[in-house]
Amino acid sequence: MNSPRRAVLSTAALTLAFSALVLSESAHAAKPVGSDKGANTDQQGGGDDTGIYAAARIQYSGAVSKGGSGNVASSDVNWTPPPCWYAPYLGAKDFKKKMSKDIDTSKNTPGMGGTAGSAIGELERHYEDDYGWTDTPGYKDYNVEKDGEGMFWAGVENPDEPDYLKRKSCTDLPFWVENGEAPPPQYEEAITPEMLAALAYQHMELPDTEVTLAPEAITKVNLPTWAWLDDAAFDEVQATAAINVPGFNIEATTTATPKSLTLDPGTEDATTIPANGECPIVDGRIGEPYAKGRSDETPPCGIVYGRSSNGGTFPLKASLTWEISWTGTGQGGPVGLPDGTIEAVQDITVQEAQAVNR
């Protein structure tokens, strides 16, 4: 049976019913839909008496943070990784076991009447009695006859998304996807290799920016201070995110390559070399190591302080920009993502030249 989408009850009512269904579970019951499939570095799935509840957990490998998001920031303030997504959740038999139990529990919860109670009844009809609406077909007995031929997909929150409303925005009811087929087009947040690449970017852990200076830590007014990065800083870094479940296997690898170093002296009374403060990669390196006898030369990357720090220090901020690209399942050549940056602050003491030379 097909009726107009949400004709009997509103989307909000069905969402309320589904939320109530999840919240009515006891502390030791199976995990709510989506709660165990989020973005973390745990490589293992899991299960309990309701089935494989962590089937679609994203698996991270390579240079990734062991907990939470990584340390690289996007240079594009308008770019963000997905706040939520839809991903494979359970096979038909496991989904029936979990969902029918949750529905029964919610129906018997005191105070679960009125609109929410009616919505729970409609939810039950949707999965048991082929009750659907426009663009959303119903299911007969939770599609048990098709067990092994596909999976129910459900919304997953990105635990590192700070905006609560965005994190909670994948609220459509779990839906069926046949093995080897794409999710229905109305589910624009269905997980893709591009989204996995963005999540790998979010969890990427890049090496700290440690700039070598000469003179080191203590310099003089009007004396060029040389700055450079060791060769080890130029190794590319990769992070991979993957989903591997029966009938659905995708992955994406995000690669970061050093691009340029930007210096901020920590005071307006200083000039940078080059003048814009950005030291590019030249011949596979940024800047040049200082060598004895070159004190009268102008470094390719450095700073000239115009006044002393008066017994204190200036916070020299060094930002290493990384070029970010990704490749993934079914994708040809590398595709660009916004550059990433890693910042580090070093305290620099600047002394008057005549005070040091006495």
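Is Tyr 127 buried or exposed? Tyr 127 is buried, with a relative accessible area of 0%; buried here means under 20%, exposed over 50%, and partly exposed in between, using a 1.4 Å probe and protein chains only. Keep in mind that this is a predicted model, where local features need pLDDT of at least 70, side-chain atom pairs count only at pLDDT 80 or more, and totals for chains, interfaces and linings use all residues. Residues are numbered from 1 along each chain as its sequence is written, and side-chain values use heavy atoms, with hydrogens and water left out.

Now for the rings. The whole structure holds 17 aromatic pairs (rings of Phe, Tyr and the six-membered ring of Trp with centres within 6.5 Å; planes under 30 degrees apart are stacked, over 60 edge-to-face, the rest tilted). One of them joins Phe 95 and Tyr 127, edge-to-face at 5.2 Å centre to centre, with 70° between the planes. Phe 95 sits in helix H2 (residues 92–107) and Tyr 127 in helix H3 (residues 114–128), so this pair ties together parts 32 residues apart in sequence. Helices are DSSP runs of H or I with at least four residues, strands runs of E with at least two, numbered from the N terminus.

Tyr 127 has another partner: its ring and that of Tyr 139 have centres 5.7 Å apart and planes at 10°, so they are stacked. Tyr 139 lies in the loop between strand S5 (132–133) and strand S6 (150–157), so the link spans twelve residues of sequence. Tyr 139 is buried too, at 7% relative accessible area. Phe 95, Tyr 127 and Tyr 139 belong to one aromatic cluster with Tyr 142, Phe 152 and Trp 176.
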